[in-house]
Amino acid sequence: MTIRVIIVDDQAMVRAGFAALLNAQSDIDVVGDAADGAQALEVTGRTHPDLVLMDVRMPVMDGLEAARRLLDPATGSRGGGAAHRPKVLMLTTFDVDDYVYEALRAGASGFLLKDAPPADLIAAVRVVAAGEALLAPSVTRRLIEDFARSRPARRRDPKLRLGGLTPRETEVLELIARGLSNQEIAGQLVLAEQTVKTHIGRILAKLDLRDRAQAVVLAYESGLVTPGQ
């Protein structure tokens, strides 16, 4: 299946470069681009992409607000269609911690540093389009911990928010938040990888979460995992 992508960045040369790179892949098709978040909503509504590659800082409407509107069912009908919510992969740099943390809370499936190697961008598009969150790289784990540390949520008893999970599901959630892949979780808990996937599916369903990115945010905000632990 071809992954339909739109690229949102206020720099035309960046958009053109990313488009050339992604269109060269047999399984990726760039179906549109936009120079700001407002244009992104309009282009998304016309093209119905599977994934939006979204810069954080842009004029008119920044990537954070655009992500909120694309991913919030209440506003989706005004930007992208309520019945069609694409995955959002944010592009960022180290100096936008607050933006990226809020983007994850809004439902973005991950983020990528703008100076990442081309192969990382291609892999990120495939990973996020497949329904996974881009949380495995060590730099991402460090950034998420920084967000949780710099924007501390009011700590709550994890049992109050996670009480619907079994002890095993709670273990799996904790390891997800620490950045482990399904394979690594399976090895640590001595489980089959398919069993880990089943546990993750149940965790997302019970906690009404969209993907692993939201699971990580919840694990930190509930106090199940603390930065630097």
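Predicted model: local features only at pLDDT ≥ 70, side-chain atom pairs only at ≥ 80, totals over all residues.
Residues are numbered from 1 along each chain as its sequence is written, and side-chain values use heavy atoms, with hydrogens and water left out.

Of the 229 residues in the protein chain, 48% are buried, where buried means under 20% relative accessible area, exposed over 50%, and partly exposed in between, with a 1.4 Å probe and protein chains only. Taking contacts between residues at least 6 apart in sequence, 66% join residues at least 24 apart; contact means heavy atoms within 4.5 Å.

Next, the secondary structure. The chain has 12 helices and five strands. These are DSSP runs numbered from the N terminus: helices are H or I with at least four residues, strands are E with at least two.

The five strands form an open sheet in the order 2-1-3-4-5, with parallel pairing; two strands pair if DSSP finds at least two bridges between them. Strand 2 (28–34) and strand 5 (110–113) are the edge strands, each pairing on one side only. From one strand to the next, the twist averages 25 degrees. Strand 3 (residues 51–55) pairs with strand 4 (residues 87–92) in the parallel sense over five bridges, and Leu-53 has Leu-89 in strand 4 as its bridge partner.

Helix 1 (residues 12–23) lies across strand 1 (3–8), strand 2, strand 3 and strand 4, and runs at about 165 degrees to strand 2. Axes are lines fitted to C-alpha atoms, for helices over the stretch in contact, and angles run from 0 to 180 degrees between N-to-C directions.

Now the helix pair. Helix 9 (residues 167–177) packs against helix 12 (residues 212–221) at about 100 degrees, the axes being 9 Å apart. That makes helix 9 roughly perpendicular to helix 12, the class for angles of 65 to 115 degrees. On the helix 9 side, Leu-173, Ile-176 and Ala-177 meet Arg-212, Ala-215, Val-216, Ala-219 and Tyr-220 in helix 12.

Last, Glu-171, also in helix 9. Glu-171 counts as partly exposed because its relative accessibility is 35%. Its C-alpha atom is 9.9 Å from that of His-199, 28 residues apart along the chain.

Note on methods
Parallel < 35°, antiparallel > 145°, perpendicular 65-115°, else oblique.
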